Amino acid sequence: MPKGHNDPRTEARETWEKIHAKYEHLDDTKFTVALQTYRRPKELNKTLHALLDEKIPSLLEIVIIWNDLEANPPANFTSPLGTPVRYRASTRNSLNEKLLPDSTFRTQAIMLSDDDVYYHPRDLEFVFQSWRKFGRNKLTGALARCPKLDANGNWKYTLCSSRDESSSYSMILTNLAMSHISFLDYYSSDEPMMKKIRDYVDEKFNCEDIAMNFVHSYLTGEGPLLIQGWKRYVNFTPAKGISMKKGHLQARSKCLNDFVDTFNSMPLVDEIGYLQRGVLAL
């Protein structure tokens, strides 16, 4: 490489550090829930009730990303306990919509969520405070995944067993994960590789969560952080959804290998440390 020229990964990190700096004015003591929904009103209502029926001290706002283009979202409201809930109508039904750095976000910490999964309120507060102490550069959440190399040298997407979740893992799903807003900004930026990744996600209608794990580890060299509460997180079994489609695991494996080609590396980092409320295991 010619003297004075950075490698692509170093240049990407420098770009991200500049992005990170522009969000330093946002509130560091609170967090925002960015919750994506698409035509699952029962699941959405159950999740909202769970998050709003008990005061979560550090929760500033819930923003619902409304991906149903054929129906207007409900009106914004404030819960009886004072939590604002705002609906953001998407311009298209894309999995990338949840990963947009909303210009009206007022916090650095963004809890990415889907309409069918949530931490219990007291555990969610624990997750945020743990993220502040241990996971600011990490994708921090509840559902770990464990990509493995097969005998042919290809990456295979695997579900971590209950045993594996507290041993080695290298991804956390973004259906329930906290991220610094700067990673969302980088993912949504005009960087050529990010444009290619977003186009891929739109084409496949899948794997935005895998892509975000790649982005985090590519930029920081760090792995994710698994956090478990006192109670197990709630994850409904949807009647329909991407994960219910035939061939889902094979499609996810293809994403892994295609992203390795796009990033020209496998940036994911294996981690064995995790946090459990009442127990520290790092």
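Author: The account below takes the disulfides in turn. This is a predicted model, in which local features need pLDDT of at least 70 and side-chain atom pairs count only at pLDDT 80 or more, while totals for chains, interfaces and linings use all residues. Residues are numbered from 1 along each chain as its sequence is written, and side-chain values use heavy atoms, with hydrogens and water left out.

The structure holds 2 disulfides, a disulfide being a pair of cysteine sulfur atoms within 2.5 Å. With bonded cysteines counted along the chain, the pattern is 1-2, 3-4.

One of them links C146 and C160, with an S to S distance of 1.8 Å. The torsion about this S-S bond is about 110°, so the disulfide of C146 and C160 is right-handed. C146 is found in the loop between β8 (144–145) and β9 (148–149), and C160 in the loop between β10 (155–156) and β11 (171–172), so the pair ties together parts that are 14 residues apart in sequence. Strands (E, at least two residues) and helices (H or I, at least four) are DSSP runs, numbered from the N terminus. Both C146 and C160 are buried, that is, under 20% relative accessible area with a 1.4 Å probe and protein chains only.

A disulfide also joins C207 to C255, at 2.0 Å from S to S. Here the S-S torsion is about 85°, so the disulfide of C207 and C255 is right-handed. C207 sits in the loop between α5 (192–204) and α6 (208–220), whereas C255 belongs to helix α7 (residues 248–263), so the pair ties together parts that are 48 residues apart in sequence. C207 and C255 are both buried.

Conventions. Buried < 20%, exposed > 50% of the residue type's maximum accessible area, 1.4 Å probe, protein only.
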